[in-house]
Every structure is written in C-alpha cells, then in structure tokens.
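Please open the model in your viewer and keep the sequence panel beside it, so that each selection can be followed in turn.

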Amino acid sequence: MEEDTEAAPSQPMTLELLPSALVGTILSKLDVSSLCSIASTSTFFRASVPHIFSFLPEFELQDIAPTIVLLRPLLPPNPYLRTLKMDCRAIDDSSISYLIQPSLHKICLQNCDNFSGHLVREIGRRCHNLRFLYLGNIAERKGLEILISDLQELLIGCTQLESLNLMFDVSTFSYQSFAQVWYHVSEGLRSLEIGFITSRMMSELLNSKCVNLESQYSVQRVLFPYLQKLSLSVDNITDSLVTTISKNLVSLIHLDLQDAPIIDPAAIFDLTNTGLQQINPRGRLRHLSLVRSQEFIITYFKRVNDLGLLLMADKCSSLESISLGGFCRVTDTGMRAILHSCSSLRKLRVCHGSKLTNLMFHDISATSLSLTHVGLRCCSLLTNIAFTSLATNKDLKVLDLRNCLNLGDEALKAVGCLPNLQVLLLDGSNVTDMGLSYLRASVTSLTTLSVRGCMKLTDQCITAIFESPFSRKLQILDLSNLPNLTDDGILRLARSGVALFELHLRECPHIGDTSVMALASMQVEGWSSSSLRLLDIYESGMITKLAIRWLKRPYFPRLRWLGVTGSVNRDMVESLARNRPFLNIACRGEELGCGYWDTSDGFCRWEHEEVDELEQWLLEGEDESDDNEEGEMMLE
C-alpha cells in the first residue's frame with residue numbers, strides 16, 4: 001500500500017516540454033539581434049530560432065553589416081515580413097533576391113555603395129505594397145550606375161508610396177527624362193527626400209506638365225498634390241527654387257533646403273529678400289530649414305538681410321521649428337522678428353550668425369515662447385549675458401552652443417538650472433573645470449555632453465562631470481582635442497562605473513595605452529563588462545601597439561565603432577579588423593556617431609545586454625558555413 005501511495009518521481013522541467021506554438025509566439029516578439037543572441041545560449045533555442053525567421057514581421061540589423069553568407073539563413077522567404085532595416089556595406093546586387101520580398105511595406109537600406117540601379121528596379125518590380133523607402137549612398141562604388149529606367153520602374157511598381165528617400169545624385173539624369181518619369185509617382189506621396197539635385201532640375205520638375213508618353217492619350221497630371229515634407233540638397237538655393245516650391249506644393253508643412261556652392265553664386269543664382277518673401281504663401285508651414293553649407297568654400301547668403309526676415313516672419317507665424325545657416329548679414333533685428341512673431345516656436349537653430357549679439361535674447365522672457373531645442377553654433381559675438389537670458393526657458397532639452405567663443409562659466413551657472421536638459425554641446429567655448437561643476441545645481445537628465453576643444457579643461461573636469469547627479473544617465477561624452485587631459489583623467493572616468501555608450505577622445509595628445517586598458521577593464525554598474533559601443537581615439541598621441549591588443553576580443557564586447565589612426569601600426573589595425581569582422585573601424589579621421597541635433601529625442605538607448613551574443617552567434621554561423629563549403633569541396 002505504501003509503495004502504491006508513493007508519488008512517482010517528478011520529471012525534470014525542460015524547455016523542450018513547452019508547446020512549440022508557445023515557444024514560437026514568445027520568440028516572434030523579439031527583434032533580430034535578440035533572436036541571434038538567444039540562439040547562442042542553448043541547443044534548443046539554436047534549433048528553434050531559424051524557424052522564427054520565416055514569419056518575423058520586422059527585420060532590423062543596423063549595428064553590424066552582415067555578409068551574404070550570414071544573411072541567407074536570416075532572411076528566408078517570409079510572407080509576413082513588413083519592415084526591413086539594414087546596413088548594406090558588406091553586400092551587393094547578389095543579395096537582392098534575399099533582401100527584396102514582395103510582402104514588404106517599409107525598406108530602409110543604408111550604405112548601399114555596392115548596389116547598382118538594379119536594386120531600385122527590383123524594388124519596383126517586387127514590392128507593390130511598399131509605403132516607405134530609404135536608399136542610402138546607392139551606386140557610389142566606381143563602375144556602378146543608376147539608369148533613368150530603374151527609377152521609372154520603381155515609380156511605376158510602387159504605387160502606394162507615402163515616403164521616398166533617394167539618397168543619391170539624380171543630377172546625372174537628363175532634365176526632360178527625369179521630369180517625365182515622375183508622371184508615375186504615387187499620388188499619396190507625403191514625404192520626398194533627394195540626396196542631390198540641381199535647383200534648375202527641381203524647378204523644371206515642379207513646373208513641368210507631366211504627360212504619360214506611353215499612353216495614346218495626352219493625359220496631364222499635377223505632381224505631388226499631397227506632399228507635406230520636402231528635403232533637398234542642391235547646388236544653390238535660389239529665389240526661383242523657393243518660389244517654385246511655394247507655388248506648386250500646396251500641402252507643404254515641412255521644407256528643408258541645404259546647398260553647398262562650389263563658387264560664390266551670382267545674384268541670379270542666389271537667395272535674396274525677394275525669395276524669402278515668397279515662402280509660405282498659404283501659412284501652412286510648420287518646419288523651415290534654409291542652410292548654406294561651407295563644405296567646399298566659405299560662402300554665405302550675402303543678399304539676405306533683416307528686411308528679408310521681417311517679410312518672412314509676417315507669413316511664418318505658425319512655425320514650430322526654424323533652422324537658418326549662413327545668413328551673415330542678419331542682425332538681432334531680423335532674429336527678434338522671428339522670435340516675437342512665431343509664438344509656437346519650439347526649435348531654433350542658427351549657424352554662422354556673425355552679427356548676432358546679446359540683444360537677440362534680451363527681452364525673450366517677455367514672449368510666450370517655450371523653446372525646447374536651441375542651436376547657436378558659431379555665433380561668436382554672443383556672451384554669457386545672452387545665454388543667461390536664454391536659460392529663462394526652463395523647458396530646454398537641447399542646447400547646442402558649439403564654437404560660441406565668448407561662452408564662459410557664468411553662462412553655465414544659468415544652464416545648471418535647467419531641469420530637463422538632455423543635450424549640452426560646448427565645443428570650443430571658454431568654460432573651465434569650475435564651470436562644469438555648476439551643472440550639479442539642477443541638471444539631472446543629461447544624456448549627451450560635448451566639451452571638445454575647450455582648452456581650459458584639465459583632468460579635474462572628469463571629477464566635475466562624474467560627481468554630478470546627471471552622470472548616471474550620461475550616455476555620450478566627447479572629450480576630444482583637450483590638450484590638458486591625461487590618462488589620469490580617464491582612470492577617474494573608469495572608476496566612476498558609469499555606463500557610457502559613446503566616448504570620443506580624438507586628438508588628445510596625452511591619452512595613451514593606459515586609458516584604453518582602463519576602459520577595457522572598467523567595471524560598470526549593472527554590466528558584466530564595458531558598455532561602450534563607440535570609442536574614438538583617432539590621433540591620440542600616446543597610443544601604441546599595446547592599446548590595439550586591448551581592443552581585440554574579449555575586451556570591449558559591445559564595441560561597434562572604433563576610430564583609430566590607421567597610418568600608425570597598420571598591421572595591428574588590419575589584425576584587429578580580422579579579429580573583429582563586425583567592428584566598423586575608421587582610420588582616416590572620419591567623424592563617428594550620429595548627429596546630436598536630429599537624434600535628440602532618442603539618444604542611442606542601447607539594449608542592456610549582459611553578453612554580446614549577437615556577434616558570437618553570427619561568427620559561429622559563418623564558421624559552420626565555411627566548414628560546410630569545405631566539406632562539399634572535399635566530397636567533390
């Protein structure tokens with residue numbers, strides 16, 4: 001009896017006992033990186049994950065650039081796939097059959113240098129339900145090209161497009177043929193961005209009477225009747241271009257124009273007060289950006305003065321954000337007209353405002369403005385008084401004061417009272433270690449801090465930063481070009497245990513191997529090892545071969561971007577690239593990281609991974625593929 005009543009020995013609970021449908025449902029909620037990570041943790045998950053890729057609705061893999069060998073098992077035929085986001089620098093046209101699936105609604109492909117126009121054509125042929133398309137740097141490798149027929153195929157096939165971002169040079173197409181292919185563009189297009197187009201080409205496109213040349217009837221249509229957002233990079237921003245856009249795009253609420261002249265433009269090829277007066281005739285604009293880049297030569301909008309801004313302000317009272325770059329003749333009078341007319345303004349950015357003084361903000365407290373983002377880059381006449389007045393806007397989240405040479409510690413006393421500040425950029429300013437200590441007052445939410453080129457800062461600035469309440473939330477820190485920063489300062493940083501994701505130390509003459517070793521060994525609170533995703537030590541004066549060794553695995557397991565001087569220890573750098581094939585190494589001084597201004601609402605909030613299994617799983621998969629190929633060759 002006793003034997004009969006004894007309970008049977010309990011079976012050990014294992015994952016294999018779970019219903020496969022339940023496991024599949026759970027795994028389908030994870031993103032690609034998480035799936036790859038979990039696949040490396042057990043045999044059970046390694047067998048289960050490949051099946052999930054057959055019905056995953058979103059495929060996002062932007063941290064690394066997979067090869068075609070790695071991509072094949074991750075992108076099987078999938079009728080449920082709706083979103084594809086990838087870094088494509090390691091693949092080419094041979095990957096198109098895996099990438100471009102008919103079910104896709106959203107495609108975002110960055111660094112498409114190795115793809116030709118065939119990619120554009122195939123998207124049009126296969127993805128008839130596509131709503132969003134972004135193609136970055138396509139066909140930039142020598143010998144590749146995009147034909148006008150490729151663009152035509154895209155516009156004919158993707159009739160549901162709402163957002164189109166073509167980040168390549170379309171000026172190589174003939175004006176007439178380029179205008180004609182847009183007859184086929186989706187009427188529902190809401191957003192259009194073009195990497196480069198001439199002003200004349202865009203003006204002729206908007207003024208053209210598009211006719212379907214393939215039809216026996218001459219049917220004309222209005223282009224872009226519902227377009228709300230237009231972003232263009234052009235050769236010259238001109239009165240003609242601005243007037244044509246304002247006249248033809250009746251639904252526009254977001255206009256972003258940037259030019260980069262190669263010579264100083266003549267009056268007929270430039271923006272003047274007359275052109276500014278034509279902006280926003282219907283009063284619908286909410287976002288306006290007019291920027292003259294100095295990429296090729298130092299040049300400005302010399303034919304625009306305060307009168308132009310006064311005329312524009314009358315029609316732009318409903319603006320919520322405005323960005324003006326290169327308006328060298330505009331003074332406090334013109335800018336105050338904007339500040340006092342645009343009561344809904346939240347974001348203000350001014351670059352190279354060489355005539356702006358403290359008077360620009362002296363009565364800002366009398367307005368109803370509630371600014372959240374302010375950029376005053378290269379406004380060299382502004383002093384501490386202006387920034388103190390500006391800090392009366394307690395809702396400020398982003399403050400870009402780069403190259404404001406007269407900004408000093410007094411300004412930081414006022415900035416230190418901004419409780420919601422998340423981004424503070426002080427590059428090239430006159431602040432000291434003591435000034436940074438003033439940020440302790442009320443700043444508690446700071447995620448990004450840049451003090452690049454602040455020549456008065458020393459190792460003590462590290463103490464000032466990491467003894468502040470905001471230091472635990474700090475994610476991005478730029479300490480580049482600080483001549484007095486040494487390894488001792490970085491040792492203090494390492495001892496703080498703050499989980500930084502980006503650290504910029506370029507062009508610091510006294511930073512060397514000790515700093516790299518300290519960062520590699522850093523004990524981060526809540527993490528098992530270094531949390532850094534980006535490390536820039538380009539032209540740091542004391543870096544030797546020893547530091548390169550500490551950049552290899554298993555150190556810095558989450559590192560994805562590295563800036564280092566390639567001309568020194570080239571063999572070691574090449575060895576590092578072989579050791580870490582998914583690490584993006586910049587050896588020529590390229591700036592790493594994303595723009596501060598445009599990503600301020602979501603700064604690099606990386607996943608909290610105890611171990612970076614993603615790279616491990618992918619490398620194991622690559623090894624297996626190589627082994628299989630070798631086995632097949634041996635059988636042959």
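**The second largest pocket**

Begin with the second largest pocket, whose volume is about 290 Å³ (the space filled by probe spheres set on grid points joined across faces, edges and corners). A pocket here is an open set of points on a 1 Å grid over the protein atoms alone, where a 1.4 Å probe fits, with protein on both sides within 12 Å along at least five of seven lines; lining residues have an atom within 4 Å of a point. The model is predicted, so local features need pLDDT of at least 70 and side-chain atom pairs count only at pLDDT 80 or more, while totals for chains, interfaces and linings use all residues. Residues are numbered from 1 along each chain as its sequence is written, and side-chain values use heavy atoms, without hydrogens and water.

Select Phe196, Asp235, Ala260, Pro261 and Ile262, which lie nearest the pocket's centre among its 17 lining residues. Strand 6 (191-196), strand 9 (229-234) and strand 10 (254-259) each give two or more residues to this lining; strands are DSSP runs of E, at least two residues, and helices runs of H or I, at least four, numbered from the N terminus.

Next select strand 12 (residues 321-325) and strand 13 (residues 347-351), which run parallel and are joined by five bridges (pairing requires at least two DSSP bridges). Ser323 stands opposite Arg349 of strand 13.
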